[in-house]
Amino acid sequence: MASRRRREEQRIRILIADDHRSYAEALKTVIDLERGLMVTEVVTDGRSAVDRVAVQRPDVVLMDVEMPVMDGIAATREIKRVFPEARIVVLAPDDNEVTLARAVEAGASGFVSKVRPVREVAEAVRAAFSGESEFDPEEVDRMLSVLGELREEDAAARARVERLTPRQIEILQLMADGLSPEEMATDLGISRHTLRTHVQNILTKLGVHSKLQALAVAIRFGKVKARGPVA
């Protein structure tokens, strides 16, 4: 019993946070077969990951990006805020550069795409535990610069959406509801020509070239609700 306890103490203790239970359990099975690694628990949302890290203090956390309650990036940021020494390897559906940049910014020690071999997850865990960073400093700077540019573009788009008038938002909502131009004009009590003028002003204000793009931006920032096909 004492010998078994010593062996477990020498193994890297890992907490897995992933809402795809079948993937998480499969990952646990494979990792437990790796020499020197041991999964202590599997949780299915970011909030639970934060709470369990506070209790367990695992050596490494494997954190899925997309989870309910609190996503993996937010959970990573919260864990690092409370426990700066925490080592977190982010799991993502692919090698998306923006997701990688967000993970680095949040304080992740490593990043592994789920489409890659599970052995790479084990290697990332060992690297994180030993304090190694898999991120090239120059590449990190470049990715964070790209992320900053995207956020500036996002802020500019939000500002343009906020300049929409109540009438323009009403028109966008009717478009989202799937009304035809004739139905929209009748509903609003205006002519087709006036409606076209309103629509063109919306496109110009949002800096887009189509009604579909205008709707996408308005829906993204919560000005209208998607309900039906675009007229």
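**Helix packing and a buried serine**

Modeller: Helix α8 (residues 166-176) packs against helix α11 (residues 211-220) at an angle of about 105°, and their axes are 10 Å apart. Please bear in mind that this is a predicted model.

Colleague: How are α8 and α11 oriented to each other, then?

Modeller: At about 105°, α8 and α11 are roughly perpendicular, because angles from 65 to 115 degrees count as such.

Colleague: Which residues make the contact?

Modeller: From α8 there are L172, M175 and A176, and from α11 there are K211, A214, L215 and A218. By type, the residues of this contact are six nonpolar, no polar and one charged.

Colleague: Which residues of α11 are buried?

Modeller: A214, L215, V217 and A218 of α11 are buried. They span an arc of only 165° around the axis and therefore sit on the same side of α11. In general, an α-helix has 3.6 residues a turn, so residues three or four places apart point the same way.

Colleague: What does the face turned away from the buried side carry?

Modeller: That face of α11 carries L212 and R220, which are exposed. Just after α11, G222 adopts a positive phi of about 75°.

Colleague: Changing topic: where does S113 lie, and is S113 buried or exposed?

Modeller: S113 belongs to strand β5 (residues 110-113). With a relative accessible area of 1%, S113 is buried, because the cut-off for buried is under 20%.

Colleague: What is S113 in contact with, leaving aside neighbours within four places in sequence?

Modeller: With those neighbours set aside, S113 contacts A92, P93, D94 and D95.

Methods: Residues are numbered from 1 along each chain as its sequence is written. This is a predicted model: local features need pLDDT of at least 70, side-chain atom pairs count only at pLDDT 80 or more; totals for chains, interfaces and linings use all residues. Side-chain values use heavy atoms; hydrogens and water are left out. Axes are lines fitted to C-alpha atoms, for helices over the stretch in contact, and angles run from 0 to 180 degrees between N-to-C directions. Helices (H or I, at least four residues) and strands (E, at least two) are DSSP runs, numbered from the N terminus. Angles under 35 degrees count as roughly parallel, over 145 as roughly antiparallel, 65 to 115 as roughly perpendicular and the rest as oblique. Contact means heavy atoms within 4.5 Å. Ala, Val, Leu, Ile, Met, Phe, Trp, Tyr, Cys and Pro count as nonpolar, Asp, Glu, Lys and Arg as charged, and the others, Gly among them, as polar. Buried means under 20% relative accessible area, exposed over 50%, partly exposed in between (1.4 Å probe, protein chains only). The arc is that of the directions from the helix axis to the C-beta atoms.
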